[in-house]
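Have the sequence and the 3D view ready as you read.

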Amino acid sequence: MGPEGSGWARRKVRAVVLCPQSPRSPPAFAHAPILRGPDSGRVSRPSWARWFPGHPGLHFPAGLPLGWKALLAKSEVISFPVVQLHLNRTAMRASQKDFENAMNQVKLLKKDPGNEVKLKLYSLYKQATEGPCNMPKPGVFDLINKAKWDAWNALGSLPKETARQNYVDLVSSLSSSLESSSQVEPGTDRKSTGYETLMVTSEDGITKIMLNRPTKKNALNVEMYHEIMHALKAASKDDSAITVLTGNGDYYSSGNDLTNFTDIPPGGVEEKAKNGAVLLREFVGCFIDFPKPLIASGQCPALGHLPSPSLGYSIAVYASDRATFHTPFSHLGQSPEGCSSYTFPKIMSPAKATEMLVFGKKLTAGEACAQGLVTEVFPDSTFQKEVWTRLKAFAKLPPNAMRISKEIIRNREKEKLHAVNAEECSVLQGRWLSDECMNAVVNFLSRKSKL
Ligand SMILES: CCCCCC/C=C/C(=O)SCCNC(=O)CCNC(=O)[C@H](O)C(C)(C)COP(=O)(O)OP(=O)(O)OC[C@H]1O[C@@H](n2cnc3c(N)ncnc32)[C@H](O)[C@@H]1OP(=O)(O)O
């Protein structure tokens with residue numbers, strides 16, 4: 001799972017909250033995932049441990065980018081949804097063994113404790129093992145390492161023993177509260193699907209691929225990109241006749257997960273942009289090559305780049321009358337992808353496509369249908385019933401005939417689409433390195449502005 005549980009930017013820092021510290025013995029866990037190799041930002045860790053900065057309860061120094069300061073509050077108390085811990089209470093003495101137990105316990109955490117907690121764990125671990133912050137201050141755009149540095153530096157000259165005790169206490173509190181919470185995303189049955197970010201089912205000749213990060217509006221994190229590709233490849237070979245792509249929750253998708261931009265590899269932002277372009281090209285390529293009828297079924301707003309392949313290549317797009325379609329590429333300092341620079345002007349008209357792709361005009365389902373992007377619009381109240389009646393009927397048609405018909409309709413365009421995809425990805429690679437893009441992403445992450 002990605003960084004699901006944080007909500008850091010919105011969280012309010014409460015003034016004083018005393019957490020009854022559990023005297024559980026041995027005091028649970030530590031944060032090995034973040035702790036090993038933290039300075040490089042590249043660590044071996046559980047899947048939930050991809051994280052990004054944001055700790056409203058710590059002191060952050062001046063010079064933070066783009067209004068991060070507005071997110072911060074001066075309090076000696078750390079506060080987060082499930083665990084609250086007063087840091088300055090008189091420390092009991094945690095032994096080295098307690099500390100090691102706590103570190104091990106963190107590895108067993110099933111749920112992502114959220115970025116604030118992870119930053120706190122990181123800083124306490126560093127303080128406990130190395131003393132006051134001794135790292136050079138990272139650059140302003142090195143978001144993750146900067147947040148880690150801030151968190152550690154904020155501990156000032158806190159004695160190692162106190163940091164160790166605070167770490168053990170925090171892990172212990174976390175352990176009890178996370179174990180007792182049941183914040184699993186609705187509808188997720190990982191065992192039956194084998195996917196972390198999707199729910200994939202196959203029934204009545206229909207394979208349904210449902211994006212399943214509703215708490216993140218189905219934003220596509222790196223894992224989801226890979227899982228969608230995997231699910232499409234599997235669906236292309238299974239015995240279903242058609243494939244349906246849909247989303248769980250109140251957004252079909254909110255596009256690229258903007259926290260993807262914060263996980264900077266050792267090669268820096270250039271490497272990040274290059275990897276992103278490779279991933280996107282492969283991802284869109286899977287849609288271009290998908291051999292069976294692919295139906296996009298959206299009851300809710302679709303934002304960002306999933307609409308592009310969905311609208312551009314699906315054999316049919318069904319939308320409820322409350323769905324909207326929005327590709328705010330320019331707002332984010334980015335440029336069209338998913339072959340939308342080619343398919344949208346063809347489907348709509350160059351002028352209408354420009355409004356959507358360049359000016360980021362949001363279309364209602366009715367408008368998108370009138371423009372030819374959407375096949376049919378249904379009232380929200382009867383959407384599921386109407387769509388599934390159609391899907392079930394389609395799935396009874398001879399599968400090979402459908403596949404061959406799709407092939408003959410689309411194959412002439414395939415080469416062109418792959419070329420457009422390559423070009424769009426290359427342009428985007430440059431855009432991701434631009435100040436315009438970086439500022440837009442930081443703005444979103446800092447919640448100073450929202451689309
Ligand atoms: C390999 C890389 C390929 C990249 C290709 C190029 C792709 C381009 C695009 O996709 S452009 C579009 C990018 N998407 C956005 O800009 C959308 C950003 N999100 C929003 O504007 C809003 O969240 C919203 C309008 C979708 C919904 O608003 P609201 O109803 O007020 O909900 P919240 O904002 O509170 O969101 C809930 C929760 O979800 C997190 N979240 C939503 N969208 C994204 C996202 N795109 N990336 C990361 N996280 C997202 C949001 O932060 C909240 O999380 P929290 O509860 O705070 O932890």
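## Helices α2 and α3

Helix α2 passes α3 in a left-handed crossing (the near helix is turned anticlockwise from the far one by less than a right angle; clockwise would be right-handed). Helices here are DSSP runs of H or I with at least four residues, strands are E runs of at least two, and both are numbered from the N terminus. This is a predicted model, where local features need pLDDT of at least 70, side-chain atom pairs count only at pLDDT 80 or more, and totals for chains, interfaces and linings use all residues. Residues are numbered from 1 along each chain as its sequence is written, and side-chain values use heavy atoms, leaving out hydrogens and water.

The axes of α2 (residues 96–107) and α3 (residues 115–130) lie 13 Å apart, at an angle of about 150 degrees. That makes the two helices roughly antiparallel (an angle over 145 degrees). Phe99, Met103 and Val106 of α2 meet Leu121, Tyr125, Ala128 and Thr129 of α3 (contact means heavy atoms within 4.5 Å). Six of these contact residues are nonpolar, one is polar and none is charged.

## Helices α8 and α14

Helix α8 (residues 268–289) and helix α14 (residues 399–431) have axes that come within 9 Å and cross at roughly 160 degrees. They are therefore roughly antiparallel too, and α8 passes α14 in a right-handed crossing.

## Helix α11

Which residues of α11 (residues 350–357) are buried? They are Ala353, Met356 and Leu357 (buried means under 20% relative accessible area, with a 1.4 Å probe and protein chains only). These residues pack against β9, α10 and β10.

Notes
Buried means under 20% relative accessible area, exposed over 50%, partly exposed in between (1.4 Å probe, protein chains only). Axes are lines fitted to C-alpha atoms, for helices over the stretch in contact, and angles run from 0 to 180 degrees between N-to-C directions. Angles under 35 degrees count as roughly parallel, over 145 as roughly antiparallel, 65 to 115 as roughly perpendicular and the rest as oblique. Ala, Val, Leu, Ile, Met, Phe, Trp, Tyr, Cys and Pro count as nonpolar, Asp, Glu, Lys and Arg as charged, and the others, Gly among them, as polar.
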